Every structure is written in C-alpha cells, then in structure tokens.
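Reader: I would like to know what stands behind the words used to describe a structure. Please start with one example, and give me each cut-off as it comes up.

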Amino acid sequence: MGFLLRLLVTALALYVLTRVYSGVTFAPGAGLVSILIAALVMGIVNALIRPVLLLLSLPINVLTLGLFTLVVNAVVLLIVAAVTALNVAGFGAAFIGALLLTIISWVLDAIVGALGLDGGRD
C-alpha cells in the first residue's frame with residue numbers, strides 16, 4: 001500500500017508541476033497513464049541511478065555544502081523526461097522544475113501525513 005501511495009503522490013506532484021511551471025510539460029495527449037508511468041520511472045531513477053550520481057559527485061557536493069544535489073536532481077528529471085512523455089525545455093528548466101518538484105512533493109507528503117494516510121510513516 002505504501003508503494004502505491006508514494007506512486008500517486010509522485011504522479012500528483014508531477015502533474016501539479018506541469019500546471020505551475022511552463023518549462024516542464026507533458027506531451028500533448030498524455031493522460032493519466034502517462035503521468036503514472038512518469039511517476040514510476042521517477043521512483044526507479046531515484047532508487048537506482050540517483051544514489052550513484054550522488055556518490056560520484058560527492059567531492060563537489062562536499063565543496064558546495066550540498067548544493068550540487070540540486071544539479072543531480074535536475075539530471076534525474078532530465079533522465080525521466082528522456083524516457084517518458086514528460087518534456088523539459090532544457091537544463092535550466094530541469095533545475096527549476098526539480099526545485100519546484102521537491103517543494104510540491106514535500107507539501108503533498110505533509111498533507112498525506114496530516115490526513116494519516118501514510119500509516120504513521122515518518
């Protein structure tokens with residue numbers, strides 16, 4: 001149940017992102033299935049590729065006091081856009097989109113937690 005909830009929250013966050021920021025959009029005609037696929041790919045990339053990118057960028061991440069993580073998040077968003085119906089206007093758009101996506105996901109996670117839908121997860 002937790003996986004399905006996380007998938008839905010990520011899908012909703014991606015959808016909201018495409019509505020509030022024009023640099024990240026879904027392809028014309030993309031529906032709910034495309035959004036769910038993009039959310040699933042986002043979860044897979046975050047679980048498998050993002051840790052490797054963070055490990056490889058550890059020296060520069062230490063030098064920038066963790067700010068380089070924002071660049072890694074932008075790269076993750078570009079990877080997801082490369083294999084799904086998500087369109088990103090460029091690296092700058094991916095950077096801003098990743099930052100907004102983080103904020104939107106944080107707010108949605110807080111709402112889900114406040115409603116008690118997360119099963120007491122911290």
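Author: The buried residues of H2 pack against H1, E1, helix H3 (50-56), H5 and H6, where a contact means heavy atoms within 4.5 Å. This is a predicted model, in which local features need pLDDT of at least 70 and side-chain atom pairs count only at pLDDT 80 or more, while totals for chains, interfaces and linings use all residues. Residues are numbered from 1 along each chain as its sequence is written, and side-chain values use heavy atoms, with hydrogens and water left out.

Reader: Which residues of H2 are called buried?

Author: They are Ile-35, Ala-38, Ala-39, Val-41, Met-42 and Val-45; the word buried means under 20% relative accessible area, exposed means over 50%, and partly exposed lies in between (1.4 Å probe, protein chains only).

Reader: Which residues have the most contacts inside the largest nonpolar core?

Author: They are Leu-14, Val-24, Met-42, Leu-77, Leu-86, Val-88 and Leu-101, within a core of 29 residues. Its largest share, seven residues, comes from H6. A nonpolar core is a set of buried Ala, Val, Leu, Ile, Met, Phe, Trp, Tyr and Cys residues joined through side-chain atoms within 4.5 Å. Not counting residues up to four places away in sequence, Met-42 touches Thr-10, Leu-14, Val-76, Leu-77, Val-80 and Leu-101.

Reader: Why is Leu-78 called partly exposed?

Author: Leu-78, in helix H5, has a relative accessible area of 29%, which falls between the two cut-offs and therefore counts as partly exposed. Apart from neighbours within four places in sequence, Leu-78 is in contact with Val-88, Gly-90, Phe-91 and Ala-94.

Reader: Is Leu-65 buried or exposed?

Author: Leu-65 has 78% relative accessibility, so the residue counts as exposed. Leu-65 lies in the loop between helix H4 (58-63) and H5, and has a positive phi of about 55° although it is not a glycine. Most residues other than glycine have a negative phi.

Reader: How do you know whether the whole protein is compact?

Author: The radius of gyration is taken over C-alpha atoms, and the globule rule is 2.2 Å times the number of residues to the power 0.38. With 122 residues the rule gives a value near 14 Å for a compact globule, and the protein has 15 Å, so the two agree. The C-alpha atoms fill a box of roughly 40 × 40 × 25 Å along the principal axes, and 34% of the 122 residues count as buried.

Methods: Helix = DSSP H or I, 4+ residues; strand = E, 2+ residues; numbered from the N terminus.
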